[in-house]
Amino acid sequence: MTQLPHGFRQIRMELAREKGHPDGARNSGYSFVAPLDSAGRIDAAEWAKHRDSCRVVKFRPDEADEVGHLVRRPGGSWAFRYDISGADDDEAGYRFGDERFEVGEYVSVHEDGEMHTFRVVSVV
């Protein structure tokens with residue numbers, strides 16, 4: 001396994017409270033590896049150097065985990081991509097470039113035509 005620079009973190013986000021999930025859902029979310037700067041934001045320069053290491057796992061109850069990559073799209077937005085050939089739509093992070101990935105923060109992801117909010121529950 002490749003040694004990553006100090007700023008790389010394993011981030012876990014779980015579904016926050018929403019219609020149909022009044023208490024949120026610990027078994028629905030994402031776990032991903034990304035370089036964070038001192039403010040807790042994704043460091044694009046470090047990502048570019050180690051993009052193959054920036055992996056994501058999407059987990060849902062009663063479904064197989066999906067494994068993909070954190071990608072930077074044209075214009076600088078961030079997304080999760082599971083189909084590297086590009087045929088499937090990305091799951092876009094809403095303003096991921098501005099978000100601080102710290103425990104307790106809320107982050108939105110556009111998936112399957114809907115926006116869902118997730119809470120950052122760990123950053124290690």
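## A walk around the barrel

Start by selecting Tyr30, Phe32, Phe80, Phe96, Phe101 and Phe118: ring pairs link them into a cluster. Rings of Phe, Tyr and Trp (its six-membered ring) pair if their centres lie within 6.5 Å; planes under 30 degrees apart count as stacked, over 60 as edge-to-face and the rest as tilted. The structure holds 7 aromatic pairs.

Before going on, a word about what is on your screen. This is a predicted model, where local features need pLDDT of at least 70 and side-chain atom pairs count only at pLDDT 80 or more, while totals for chains, interfaces and linings use all residues. Residues are numbered from 1 along each chain as its sequence is written, and side-chain values use heavy atoms, with hydrogens and water left out.

Stop 1: Keep Phe32 and Phe101 selected. Their rings form an edge-to-face pair, 5.7 Å centre to centre with 85 degrees between the planes. Phe32 lies in strand β2 and Phe101 in the loop between β6 (91–93) and β7, so the pair ties together parts that are 69 residues apart in sequence. Helices (H or I, at least four residues) and strands (E, at least two) are DSSP runs, numbered from the N terminus. Are Phe32 and Phe101 buried or exposed? Both are buried; that word means under 20% relative accessible area, with exposed over 50% and partly exposed in between (1.4 Å probe, protein chains only).

Stop 2: Switch to a cartoon view. You are looking at a closed barrel of 8 strands, running β1-β2-β3-β4-β5-β6-β7-β8 with antiparallel pairing. On average, neighbouring strands of this sheet are turned by 30 degrees against each other, direction ignored. Those axes are lines fitted to C-alpha atoms, for helices over the stretch in contact, and angles run from 0 to 180 degrees between N-to-C directions. Two strands pair if DSSP finds at least two bridges between them. Strands of a sheet pair through backbone hydrogen bonds, either parallel or antiparallel.

**Stop 3: Ser31.** Go to strand β2 (residues 25–35) and pick Ser31. At 15% relative accessibility, Ser31 counts as buried. Which side chain makes a polar contact with the side chain of Ser31? That would be Gln10, at 2.4 Å. A polar contact is a pair of N or O atoms within 3.5 Å; within protein, one must be able to donate a hydrogen and the other to accept it, and residues adjacent in sequence count only if both atoms are side-chain atoms.

Leaving aside neighbours within four places in sequence, Ser31 is in contact (heavy atoms within 4.5 Å) with residues including Ile11, Arg12, Arg55 and Phe59. Val56 is on that list too: the C-alpha atoms of Ser31 and Val56 are separated by 5.7 Å, although the two residues are 25 apart along the chain.

**Stop 4: hairpins.** Select strand β3 (residues 55–59) and strand β4 (residues 66–72), which pair in the antiparallel sense over 4 bridges. Lys58 stands opposite Glu66 in β4. The hairpin has 6 residues between these strands, and Asp62 in the turn has a positive phi of about 60 degrees.

Carry on to strand β5 (residues 78–81), joined to β4 by 4 bridges and antiparallel to it. Leu70 has Phe80 in β5 as its bridge partner. Here 5 residues sit between the strands, and Gly75 takes a positive phi near 95 degrees.

**Stop 5: two loops.** Find Arg95 in the loop between β6 and β7. It has a positive phi of about 55 degrees although it is not a glycine, and at 48% relative accessibility it counts as partly exposed. Asp112, in the loop between β7 and β8, is not a glycine either, yet has a positive phi of about 50 degrees. With a relative accessible area of 70%, Asp112 is exposed.

**Last stop: helix α1.** Select residues 44–49 and pick out Glu46. Not counting residues up to four places away in sequence, Glu46 touches Pro5, Phe8 and Pro35.
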